[in-house]
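Subject: Structure for your review

Dear colleague,

Please find below the structure that I am handing over to you. My notes on it follow directly after.

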Amino acid sequence: MAKSRIYNPEMECMHPEQRKALQGERLRQTVNRVYDNVPLYRERMDEKGVSPEDIKSVEDLKLLPFTEKTDLRDTFPFGLLAVPKEKIVRIQGSSGTTGKPIVSGYTEHDVAVWTEMVSRALGAVGADEQDIVQVCYGYGLFTGGLGAHQGATNVGAMVIPMSSGNTQRQIMMMQELGSTILCCTPSYAAYLGEAIHDAGLIPGKDIKLRAGLFGAEPWTEGMRKRIEELLGIQAHDIYGLTEIAGPGVAFECEEKNGSHINEDHVIAEIIDPATGEQLPYGTAGELVFTTITKEGMPMLRYRTHDICTLYNDVCKCGRTTVRMGRITGRTDDMIIVRGVNVFPSQIETVLVKTPGVAPHYQLIVDRVNNADTLEVKVEMTGELFEQNDSLGEMQKLQKQIRDQIKSVVGILTKVTITAPKTLPRSEGKAKRVIDNRKL
Ligand code: ADP
Ligand code: ZN
């Protein structure tokens, strides 16, 4: 089995003080560049009474204005470009999980930086010329497919650009070509794992996968365990977003204790989403990114709406970069049920720990007689379905899950266990919440 390695030791293992100096210098250059070239940034900075000369180090970051997804929409498509349009060699767009799509322009240098970041993530699973990387993230405006593709090519692996969909064909190619590394969303990895089982194929024997980079949507430790068991692999988290650089902004090392942020290219902050105040390491809040090497569309203090915690303690792997914990939810994915904040990930934690149910679920929110209701639909496994007393078992399970969710989230839900393979599958990002109250 290939060993995990550090792709760029100079940058990934740099002394934190030295990195801070590098970040400060790159931040200064970025601010100067956007102030001169992007009207929106100049106006916002002028409004706040901040001039480029005020930004001397990373500590001065908090003086700068925030940006939001709405800024990208309002200036669509090219209003935030900091270079002439001729310099842009690629457009990528958001998958549109939330609202209208947005686009970002990348220069040749920006694509190279992004490729480097994915290469670091692949290095962490030891990917090299020996590997066959099956990419089943969608190719297109969505950054998943091309991002993984570029990185895998760069580390010299053989790439199978499957894109998403057609599960039977994915499995056939995986088997025939002997794919060793899988790149897709965690929900699709779980789905693939099940389909492989159903086909009677044995991981390790018929299927040669040894590792996977999974991201683009929130997932839990329980889901990781399921995927690792189903596919017989090491499952690593990879995080990114179109506005910053697509997948690779952060990735997990073999310690799997949070994702290392590529801090020579971005600066991460955690803020209180209500007040905008910076929060210390170890405190959960909204993740904010500032790009410090991006040419095409640099982003100053971009609010991701993703909720997580940053950690700066030393990691055993040797990398010295700050790590981000799992995304526990997006502020726009949070559902408020009878006044209680609920994230799909909380429900997932309960479901993946329960034997007898498969990792496929949906949350359906509604309002009946002026009161919110939350129904949790989850599939039973094939094994349970085939048992003689499946009905009795199912009722027991329903109660067990309801009690567990009550103790984790604090509200009573209706739990419905459906027959195997009845909930919709997604080949890209899973749609977990259906909120009928808004309709
Ligand atoms: P969209 O906002 O339309 O989903 P993107 O395709 O750019 O746009 O996706 C970026 C978002 O996907 C992130 O802001 C985050 O919410 C989610 N995401 C990406 N990677 C991960 C990950 N590893 N864990 C949790 N969420 C992730
Ligand atoms: Zn590490």
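Leaving aside residues up to four places away in sequence, Met324 touches Tyr239, Ala250, Gly258, Ser259, Ile261, Leu287, Phe289, Cys308, Thr309 and Leu310. Please note that this is a predicted model. Met324 is listed, together with Tyr239, Ile261, Leu287 and Phe289, among the residues with the most contacts inside the largest nonpolar core, which has 69 residues. Helix H5 (residues 108–124) gives the most to this core, contributing 8 residues. Apart from that core lies another, of 24 residues, which includes Ile335, Val342, Ile405 and Ile411. As general background, nonpolar side chains tend to be buried together in soluble globular proteins.

Overall dimensions

The protein contains 12 helices and 21 strands. Its radius of gyration is 22 Å, close to the 22 Å that the globule rule gives for 439 residues, so the protein is as compact as a globular protein of that length. Taken along the principal axes, the box filled by the C-alpha atoms is roughly 75 × 60 × 40 Å. Of the 439 residues, 56% count as buried. The accessible surface comes to about 18,700 Å², and carbon and sulfur atoms account for 52% of it. Among contacts between residues at least 6 apart in sequence, 66% join residues at least 24 apart.

The sheet of nine strands

An open sheet of 9 strands has mixed pairing and runs in the order E4-E3-E5-E6-E7-E8-E9-E14-E13. Its edge strands are E4 and strand E13 (310–311), each of which pairs on one side only. Within this sheet, strand E8 (residues 246–252) and strand E9 (residues 259–261) run antiparallel and are joined by 3 bridges. Phe251 has His260 in E9 as its bridge partner. Helix H5 packs on the sheet, where it touches strand E5 (181–184), strand E6 (211–215), strand E7 (234–241) and E8, and its direction makes about 30° with that of E8. Helix H7 lies across strand E3 (132–135), E4 and E5, running at about 175° to E3.

The sheet of four strands

Another open sheet is formed by 4 strands in the order E20-E19-E18-E21, and its pairing is mixed. Strand E20 (414–418) and strand E21 (433–435) are the edge strands, each pairing on one side only. From one strand to the next, the twist averages 20°. Strand E18 (residues 357–368) and strand E19 (residues 371–380) pair in the antiparallel sense over 9 bridges. In this pairing, Val368 stands opposite Ala371 in E19. Helix H12 (residues 390–409) lies across E18, E19 and E20, and runs at about 140° to E20.

Backbone features to inspect

Most residues other than glycine have a negative phi, and most peptide bonds are trans.

- A cis peptide bond joins Phe76 and Pro77, with omega at about -5°. Pro77 lies in the loop between helix H4 (69–74) and strand E1 (88–93).
- Ser163, which is not a glycine, has a positive phi of about 60°. Ser163 is found in the loop between strand E4 (158–161) and helix H7 (167–177). With a relative accessible area of 18%, Ser163 falls under the 20% cut-off and is therefore buried.
- Arg301, also a residue other than glycine, has a positive phi near 40°. The loop that holds Arg301 lies between strand E11 (285–291) and strand E12 (302–308). Arg301 is buried, because its relative accessible area is 2% and the cut-off is 20%.

How far apart in space are Glu221 and Lys353, C-alpha to C-alpha? The distance is 9.8 Å, although the two are 132 residues apart in sequence. Glu221 belongs to helix H9 (residues 221–231). At 44% relative accessibility, Glu221 counts as partly exposed, because that value lies between the 20% and 50% limits.

Yours sincerely,
A colleague

Note on methods:
Residues numbered from 1 in each chain as written. Chains lettered and ligands numbered in written order. Predicted model: local features only at pLDDT ≥ 70, side-chain atom pairs only at ≥ 80, totals over all residues. Heavy atoms only, no water. Pairing = 2+ DSSP bridges. Helix = DSSP H or I, 4+ residues; strand = E, 2+ residues; numbered from the N terminus. Axes fitted to C-alpha atoms, helices over the stretch in contact; angles between N-to-C directions. Contact = heavy atoms within 4.5 Å. Rg over C-alpha atoms; globule rule 2.2 N^0.38 Å. Buried < 20%, exposed > 50% of the residue type's maximum accessible area, 1.4 Å probe, protein only. Areas by Shrake-Rupley, 256 points an atom, 1.4 Å probe, with all protein chains shown as cover. Core = buried A, V, L, I, M, F, W, Y, C linked by side-chain atoms within 4.5 Å.
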